[in-house]
Amino acid sequence: MKTRTSLLTAAVLVAGVAAGPAVLPAAASVPAATAARATAEQSPDTALEAAIAGLPSSDATAALVRVGGKEGVWRGSSGVHDLRTGRPADPAARFRAGSVTKVFTAAVALQLAASGRLDLDRSARSYLPELIPASYAGVTVRQLLNHTHGIPAPDFPGTTVEEAYANRFRVHDPEDMVRSATSKRPEFAPGERQHYLNIGYTIAGLLIERVTHDSYEHQVARRVLGPLGLRDTYFPGTNPRITGPHNHGYQTMRLDDGTTGLRDVSVWGTTDGWAAGDVISTTADLERFTHALFGGRVVRGPLLEEMFTLPEVTDVGTGKPAAYAVGLSMKVLGGREVWGKTGGRWGYNAAIASTRDGSRTLVYSVNSTDAKGRDMNRTAEKIMVAAYGRP
């Protein structure tokens with residue numbers, strides 16, 4: 001198996017917190033809830049202040065928020081850097097952005113399409129004939145990027161958060177994940193339905209490498225991170241640690257003594273996500289990326305519309321109209337379309353969002369104790385509603 005190197009819900013909050021194999025004594029106390037802190041230059045926004053006040057709570061230990069655009073600027077943070085010391089959360093901290101990675105991947109793929117090196121209407125198999133079997137010969141590059149490909153998820157060891165934690169240092173090879181997924185029968189014919197999964201973006205990362213003869217990570221760095229000056233955004237490769245300043249992430253799970261509590265999950269490998277979900281960033285970097293993307297300075301010309309064009313199919317699980325375009329998804333909040341992307345890794349939730357015209361942007365990082373849960377984290381949901389309004 002190849003390895004890749006780096007280039008650059010919740011229960012009541014309890015005192016049992018594990019950092020690696022160690023668990024805090026039962027007598028350890030959780031820091032008192034902190035008030036939201038905001039920068040002096042912001043415009044007042046009591047709704048946003050209320051959305052992140054009172055952390056740590058049962059569903060989150062910290063939150064970092066940046067709102068921008070012509071409708072007003074607001075920046076705030078709340079919670080703690082870690083439960084052991086209880087010191088305030090670092091507003092400039094790095095964090096795992098999860099599936100926000102897909103926006104970077106989509107942007108690079110669209111840049112390559114603009115230069116003629118990648119054809120969105122061409123089959124993925126034509127680029128990767130040794131990897132994509134004939135049973136998936138009809139899947140196009142565009143279908144990989146808008147989740148209408150019908151390829152099921154690969155197999156991973158375990159189905160619970162506890163089993164995932166036990167395998168947190170396991171290294172997953174992208175090609176092996178593709179082989180696992182494509183060994184199964186299609187979920188549906190290409191282009192007929194939509195099912196949001198990581199596997200399409202794993203293949204997209206391999207396509208980027210095939211047509212550029214370069215690593216996926218270096219292509220993103222050269223085409224996006226470098227030009228935009230995103231100095232705190234990087235891909236961790238096989239390193240399970242977040243380098244540089246970061247607020248600790250915690251996840252509710254069964255502890256070694258059989259009780260349910262919070263375990264420190266800040267150190268956790270992300271090779272299972274790769275081009276679909278392993279980027280590490282900051283709210284400042286993601287805000288700069290969001291402004292540039294919606295302003296047409298990352299993907300230029302007609303291909304930018306691919307990110308704002310929903311396929312005319314229904315979701316395989318809900319039967320509702322498709323909500324995912326290329327890289328971005330859309331929700332109607334406060335009576336208007338809001339485009340963006342959320343992401344989740346154990347202990348961390350993140351999002352970028354904007355109105356189509358860029359008049360109001362939002363970036364947040366929430367150190368959630370129920371990341372990757374079925375429902376949206378409560379603190380993250382309150383932030384989104386405070387910024388844009390209710391669905």
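Me: Which residues of α9 are buried?
Reply: In this predicted model, Thr-283, Asp-285, Leu-286, Glu-287, Phe-289, Thr-290, Ala-292, Leu-293 and Phe-294 are buried in α9. Buried means under 20% relative accessible area, exposed over 50%, and partly exposed in between, with a 1.4 Å probe and protein chains only. Helices are DSSP runs of H or I with at least four residues, strands are E runs of at least two, and both are numbered from the N terminus.

Me: Why call α9 largely enclosed?
Reply: Because 9 of its 12 residues are buried, α9 is largely enclosed by the rest of the structure.

Me: And what span does α9 have, end to end?
Reply: The end C-alpha atoms of α9 (residues 283-294) are 16 Å apart, which agrees with the 16 Å that 12 residues should span at 1.5 Å a residue. The expected span is 1.5 Å times one less than the number of residues. Just after α9, Gly-296 has a positive phi of about 75°.

Me: What does Phe-289 touch?
Reply: Leaving out residues up to four places away in sequence, Phe-289 touches Val-103, Phe-104, Val-224, Leu-228, Leu-230, Val-298 and Ile-352. A contact here is heavy atoms within 4.5 Å.

Me: Nice. Which residues have the most contacts inside the largest nonpolar core?
Reply: Phe-289 is one of them, along with Phe-104, Ile-203, Leu-293, Val-298, Val-299 and Met-307, in a core of 71 residues. Helix α2 (residues 101-114) gives the largest share of this core, 9 residues. There is also a second, separate core of 22 residues, which includes Leu-333, Val-338, Ala-351 and Ala-387. A nonpolar core is a set of buried Ala, Val, Leu, Ile, Met, Phe, Trp, Tyr and Cys residues joined through side-chain atoms within 4.5 Å.

Me: Switching to α7: is it mostly covered or mostly open?
Reply: Mostly covered, as 13 of the 14 residues of α7 are buried. From first C-alpha to last, α7 (residues 199-212) reaches 20 Å, close to the 20 Å expected.

Me: Now strands. How many bridges join β4 to β5?
Reply: Strand β4 (residues 60-68) is joined to β5 by 6 bridges, and the two run antiparallel. Strands count as paired if DSSP finds at least two bridges between them. Ala-63 is opposite Ser-78 in β5. The hairpin of β4 and β5 has 5 residues between the strands, and Gly-69 there takes a positive phi near 110°. With 5 of its 6 residues buried, β5 (residues 74-79) is largely enclosed by the rest of the structure.

Me: What about β8 and β9, parallel or antiparallel?
Reply: Antiparallel, with β8 (residues 250-254) pairing with β9 over 5 bridges. Thr-252 sits opposite Leu-262 in β9. In the turn of their hairpin, Gly-258 has a positive phi of about 90°.

Me: What's the pLDDT for the chain?
Reply: The average is 91, and 89% of the residues score at least 70. Over residues 1-30, though, the pLDDT is below 50, and beyond near neighbours in sequence this stretch has 76 contacts in the model. pLDDT is the predictor's confidence in each residue, from 0 to 100. Where pLDDT is low, the predicted coordinates should not be read in detail.

Me: Which ground rules sit behind these values?
Reply: Local features need pLDDT of at least 70 and side-chain atom pairs count only at pLDDT 80 or more, while totals for chains, interfaces and linings use all residues. Residues are numbered from 1 along each chain as its sequence is written, and side-chain values use heavy atoms, with hydrogens and water left out.
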